[in-house]
Amino acid sequence: MTGNSLLQQLMDSFCCLPGVGPKTAQRMAFHILERDRDGGRRLSRLLVQAVDNIGHCQRCRTLSENDLCGLCTNEQRNDVQLCVVETPADVLAIEQATDYRGRYFVLGGRLSPLDGIGPREIGLDQLAGILAEGRVEELILATNPTVEGEATAQYISDMAADKDIQATRIAHGVPLGGELEYVDGGTLAHAFVGRRKVGI
Amino acid sequence: MPNELTPAYVLHSRKFGEQHLLVDVLTLSVGRIPLMVRGGASAKSTRRAMLQPFNPLLIAWSGRGRIANLKQVESRSCYMLPRGKALFSGFYLNELLIRLIDQNEPVPELFLSYEKTVESLGGGSDPDLPLRDFELELLQTLGYGVDLLHEGRSGAAVSAGFCYNYEAEAGLKRVQADAEFLAKGDTLIALARRQMLDPCQNREARELMRHILGFYLGDKPLKSREFFYTPGQ
Ligand SMILES: [Zn+2]
């Protein structure tokens, strides 16, 4: 096994995945090559298709292979509630843990001036366009409970106030510095029910 | 020194790899330094919740070389996160420090001014005066101290009834009554004495400091200024 063999390259490539170290990468590579070559072919095919074809929903910015994602086209969802989250993973976390049936908007980050991320970089001009349509009555701010997440929520609640839209912020049990993706479902469901109005 | 706990604030932090955090801290003893927080970015880390901006901390670190490791972190007093606009002002302070203050240079006076400002932002009291005080202290630290009571070239005392501009490197300059000006003499005198300013004086003082800091910030505008949402954008 030389440093540049195909096997080595495969293991190195697995290492680029979060949570996968050299040992795990080695196990994955051996598993595919020795036990499941068909599974490996299917995986490689799907990876190429996913990377080439999955982009972002034009309306809510979550991951989607179509111009509009399943949540945005679903007519059972209500248009009066809009939940703002930082990442597509947060959408999934809320979908799995709560009975929320409104729409979403995915920022793809948070305001962070020291990283050069301002309102435009997280699509707030696009969000302003959705608010201007006049259908949203409650804006639920489910940004992470970090200082940057708070600042983002504050900025968006100012936008909402400008359009006379009620903004609420999820609160209970999500500790400062935590991230929604990692919070357990029960805590997240509770935080969602316990959201409070954002005072201006 | 690094082995003893010293008062500090986190100015900024970012992930380093998957598990670690690289934090930029302002300390009382050695000024601004970068610190590595091993395991600080993992979901289970209890340190991450503490290592948030504006949280008064005591920290100790170890290791030599360019980036030391955070060894210990404790809360120094109650964490009062600034709310609303005050939070954006907090980011403004941090951005100024990161843009203008070099690492590894002790700036104890500036640390104390920063602390006072962060406390007033967190406490919800009027932040204008502490913000101006911090800006003046920052300029002083940089070696560009602003003399608010005298004209730069002539040395003439600033008079309450006149209007003034500020020239880079030179200082205040009196202007004709009908010409454009940055601040009136009464504003400058009140600011020098750190007295309460009325709304009009507050605006003048803010614009004056923005103008002076602009010389040192150069062409790249402060990102945190974009945070102040203006309706109708
Ligand atoms: Zn969508």
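## Confidence in chain A

Chain A has a mean pLDDT of 88, with 84% of its residues at 70 or more. The lowest confidence in the chain falls in helix H8 of chain A (residues 185–193), where the mean is 60. Strand E4 of chain A (residues 103–106) has the highest, at 98. Where pLDDT is low, the predicted coordinates should not be read in detail.

## Domains of chain B

Two domains make up the division of chain B: domain 1 spans 6–75 and domain 2 spans 85–228. Their centres, taken over C-alpha atoms, are separated by 29 Å. Contact between them involves 14 residues of domain 1 of chain B and 15 residues of domain 2 of chain B.

On the side of domain 1 of chain B that touches domain 2 of chain B, at least two residues each come from strand E1 (6–16), strand E2 (20–27) and strand E3 (31–37) of chain B. E3(B) gives the most to this side, with 4 residues. Classified by residue type, this side of domain 1 of chain B holds 9 nonpolar, 3 polar and 2 charged residues.

## Helix H6 of chain A

Helix H6 of chain A covers residues 124–132, and Leu124(A), Leu127(A) and Leu131(A) are buried within this helix. These residues lie on the same side of H6(A) because they cover an arc of only 50° around the axis. An α-helix has 3.6 residues a turn, so residues three or four places apart point the same way.

The buried residues of H6(A) pack against E4 and helix H7 (147–162) of chain A. On the face turned away from the buried side of H6(A) are the exposed residues Asp125(A), Gly129(A) and Ala132(A). After H6(A) comes Gly134(A), which has a positive phi, near 90°.

## Gly108 of chain A

The loop between E4 and H6 of chain A contains Gly108(A). Gly108(A) counts as partly exposed because it has 15 C-beta neighbours inside 10 Å, whereas a buried residue would need 20 or more and an exposed one 12 or fewer.

Leaving aside residues up to four places away in sequence, Gly108(A) touches Arg61(A), Thr87(A), Ile122(A) and Gly123(A).

Definitions and conventions:
Residues are numbered from 1 along each chain as its sequence is written. Chains are lettered from A and ligands numbered from 1 in the order in which they are written. This is a predicted model: local features need pLDDT of at least 70, side-chain atom pairs count only at pLDDT 80 or more; totals for chains, interfaces and linings use all residues. pLDDT is the predictor's confidence in each residue, from 0 to 100. Domain bounds come from an automatic or database domain assignment. Two residues are in contact if their C-beta atoms, placed from the backbone, lie within 7 Å. Ala, Val, Leu, Ile, Met, Phe, Trp, Tyr, Cys and Pro count as nonpolar, Asp, Glu, Lys and Arg as charged, and the others, Gly among them, as polar. The arc is that of the directions from the helix axis to the C-beta atoms.
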